[in-house]
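Student: Could you go through this structure with me, one question at a time?
Tutor: Gladly! Have a look at it first.

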Amino acid sequence: MEKKPSVRVSAAQIAPDLTSREKTLARVLDAIREAAAKGAELIVFPETFVPWYPYFSFVLPPVLSGKEHVRLYEEAVTVPSAATDAVSAAAREHGIVVALGVNERDHGSLYNAQLLFDADGTLILKRRKITPTFHERMIWGQGDASGLKVVDSAVGRLGALACWEHYNPLARYALMAQHEDIHIAQFPGSMVGPIFADQMEVTIRHHALESGCFVVNATGWLTDGQITSITSDAGLQKALRGGCMTAIISPEGKHVVPPLTEGEGILIADLDMSLIVKRKRMMDSVGHYARPELLHLVMDGRATAPMVTTTQPSFPTAEARTVSDGEYDTSADRGSDQRIAVLRSPAR
C-alpha cells in the first residue's frame, strides 16, 4: 500500500454516558461526524469508552462493586453487534478510520478490547489487553498475543496498546518490529491526578522516539456530576480527577499540537509522514540499530482457547507404540481404560 505524504488525525477527549451504552455510542457517532467534517482521516477514542471505563473498581472495595460490575456486563459490547455495526457504518459513511475502546462481553467474561475500523467500515483489528492493571483484574479477563499485530489501513500501518501495556517493553517491541506508522494509545483519563498525566506523556513520547512512529493518544473525561455519581466520598473523588493527556506525538517525540488535559474536545493535527524516515535513518530500533543475533523477541501469536477439539485418539495406537527394534512399547498409557491389547514379537 502506497504511503500517504500527509494524514489528518484526531483524538477525542469526551465524557461517556455512565447510564447507557446507547447514549455513549451516540456520543461516539457525533464525534466521528465532527472530526470527519474537519477533514480527519483517523479518530481515536479513550480506553474502554463504550459503555464506560469501570471507574467504580478504582474507588469501591470488591464487596461493594458487584452491582456496578453486573451493570457493566449488561451494557458491554459484543463483537459483532448492532453497536459495532453502527460504528462500522459511520466509518464507511465518513471515510474515516476509527479506533474505539470497548468493554467486550464474551459470554461470562469481560475484556478490555480495542477495535480498529478501516475507512470502508471493515473491522481490521480486534485485540484484548493482555494483562489488566491492578483493580482492573477484578473486572476483565486476560487477552493473548494474537492481537499484538500491526494492520494496514487507509492511513498507514496501525498498532494499538491500552494504558499500562505501554509499560511492557516486549509488547511495544512486538508492534515496533512490525513497522507501525501510527500507534494508537488509549488511557482512561480522569484518574489518579496530575502524576498520571505526566507519566502518560513520558510514556507516549518515548514510544514515538523508540518506534519512530506517530502516536495518537486519547483519554476520557468525567464531569463533576459523574464523579459524584461514582462515589459520594469527597476523599475518593480526588482519585477521579486529573490524569488526562490527549495528545498527538511525532516520531521526534514532540507534540504536534498542544495536548488536551482538561475538559472535553477533539484534537486535530496534520501528520507529515516523511518524519518517520527522518527519525529512522538515525535510529531504527528494529532495523540498522538492532542486533537480532544478540537480542530478539519470540512471541507466541496463537489465540488461546479453553477447549480444543481433536479427532486424534487420546490413547496410543499400536502404530504409535512401535519402537525402533520392531517391538511394541506397551508401557504407555497403562492406566487407560481404553488401552488396546498388543502382542510383542517373539524374542530373538
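Student: Which side chain does His-183 join in a polar contact of 2.7 Å?
Tutor: A polar contact is a pair of N or O atoms within 3.5 Å; within protein, one must be able to donate a hydrogen and the other to accept it, and residues adjacent in sequence count only if both atoms are side-chain atoms. Keep in mind that this is a predicted model, where local features need pLDDT of at least 70 and side-chain atom pairs count only at pLDDT 80 or more, while totals for chains, interfaces and linings use all residues. Residues are numbered from 1 along each chain as its sequence is written, and side-chain values use heavy atoms, with hydrogens and water left out. The partner of His-183 in this contact is His-166.

Student: Is His-183 buried or exposed?
Tutor: Buried means under 20% relative accessible area, exposed over 50%, and partly exposed in between (1.4 Å probe, protein chains only). His-183 has a relative accessibility of 0%, so His-183 counts as buried.

Student: Where does His-183 lie?
Tutor: Helices (H or I, at least four residues) and strands (E, at least two) are DSSP runs, numbered from the N terminus. Contact means heavy atoms within 4.5 Å, and among the residues that His-183 touches are Gly-159, Leu-175, His-207 and Val-216. His-183 itself lies in strand β8.

Student: What is the order of the strands in the open sheet of 5 strands?
Tutor: Strands of a sheet pair through backbone hydrogen bonds, either parallel or antiparallel. Here two strands pair if DSSP finds at least two bridges between them. The pairing in this sheet is mixed, and the order is β6-β7-β8-β9-β10.

Student: Why is one side of β6 and of β10 left without a neighbour in the sheet?
Tutor: β6 (151-153) and β10 (247-249) stand at the edges of the sheet.

Student: How many bridges join β6 to β7?
Tutor: Strand β7 covers residues 156-162 and runs antiparallel to β6. Across this pair, Ser-153 stands opposite Gly-156 in β7. The number of bridges joining β6 to β7 is 3.

Student: Which strands does helix α6 touch?
Tutor: Helix α6 (residues 194-211) packs on the sheet. Its direction makes about 155° with that of β9, where axes are lines fitted to C-alpha atoms, for helices over the stretch in contact, and angles run from 0 to 180 degrees between N-to-C directions. The strands that α6 touches are β8, β9 (214-218) and β10.

Student: How many salt bridges does the structure hold?
Tutor: One network of salt bridges links Glu-104, Asp-106, Lys-126 and Arg-128. For the structure, the count of salt bridges is 21.

Methods: A salt bridge is a side-chain nitrogen of Lys or Arg within 4 Å of a carboxyl oxygen of Asp or Glu. Lists of a residue's contacts leave out its neighbours within four places in sequence.
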